[in-house]
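Hello,

Here is the structure I promised to pass on to you. Please have a look at it first; my notes on what turned up follow below.

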Amino acid sequence: KSRPYEYGTMNDLVYYVRGGMEDWAYAGSWTPDKVTPCEPRQFGGYPKEKTKYNNSTLRVFNMLIETSNKKEPKAKYLGSSLDVLNRDT
């Protein structure tokens with residue numbers, strides 16, 4: 001026998017996500033006037049025009065596919081910060 005389809009917030013059904021993209025985009029789609037463009041400066045930045053959104057660009061279909069209960073690999077697999085800012089590596 002199948003169970004009823006569960007519904008609710010991502011934080012309640014999956015796991016806690018602070019400021020998840022899915023929730024941000026959905027909320028922003030209803031109040032696009034409150035979504036302000038950003039001006040990233042890290043790594044040379046990019047144009048402010050690339051961060052302008054409207055209700056249709058924010059109200060997209062997001063799909064989260066969980067392939068494991070582990071959300072972070074063991075520390076030995078994470079690597080190091082050596083050359084992380086070197087564009088040639």
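Let me begin with contacts, meaning heavy atoms within 4.5 Å. Among the contacts in the protein with a separation of 6 or more, 48% are between residues 24 or more positions apart.

A word on the source: this is a predicted model, in which local features need pLDDT of at least 70 and side-chain atom pairs count only at pLDDT 80 or more, while totals for chains, interfaces and linings use all residues. Residues are numbered from 1 along each chain as its sequence is written, and side-chain values use heavy atoms, with hydrogens and water left out.

As for the fold, the protein has 3 helices and 0 strands, giving the pattern α-α-α along the sequence. Both kinds of element are DSSP runs, numbered from the N terminus (helices: H or I, at least four residues; strands: E, at least two).

Of the 89 residues, 10% count as buried (buried is under 20% relative accessible area, exposed is over 50%, and partly exposed lies in between, with a 1.4 Å probe and protein chains only).

One of the buried residues is Ser-29, at a relative accessible area of 2%. Ser-29 sits in helix H2 and, leaving aside neighbours within four places in sequence, is in contact with Asn-55, Leu-58 and Arg-59.

There is also a nonpolar surface patch of about 230 Å², made by Leu-13, Val-14 and Leu-64. Patches take residues with over 30% relative accessible area and no salt bridge, joining like charges within 9 Å and nonpolar side chains (Val, Leu, Ile, Met, Phe, Trp, Tyr) within 5 Å. Leu-13 belongs to helix H1 and is partly exposed at 40%; not counting residues up to four places away in sequence, Leu-13 touches Glu-6, Tyr-7 and Gly-8. Val-14 lies in the loop between helix H1 (10-13) and helix H2 (21-30), and Val-14 is partly exposed too, at 41%.

Finally, charges. The structure holds 1 salt bridge, that is, a side-chain nitrogen of Lys or Arg within 4 Å of a carboxyl oxygen of Asp or Glu. Glu-39 pairs with Lys-48, and the closest N and O atoms are 3.7 Å apart. Glu-39 is partly exposed at 47% relative accessibility, and Lys-48 is partly exposed at 33%.

Best wishes

Notes: Areas by Shrake-Rupley, 256 points an atom, 1.4 Å probe, with all protein chains shown as cover.
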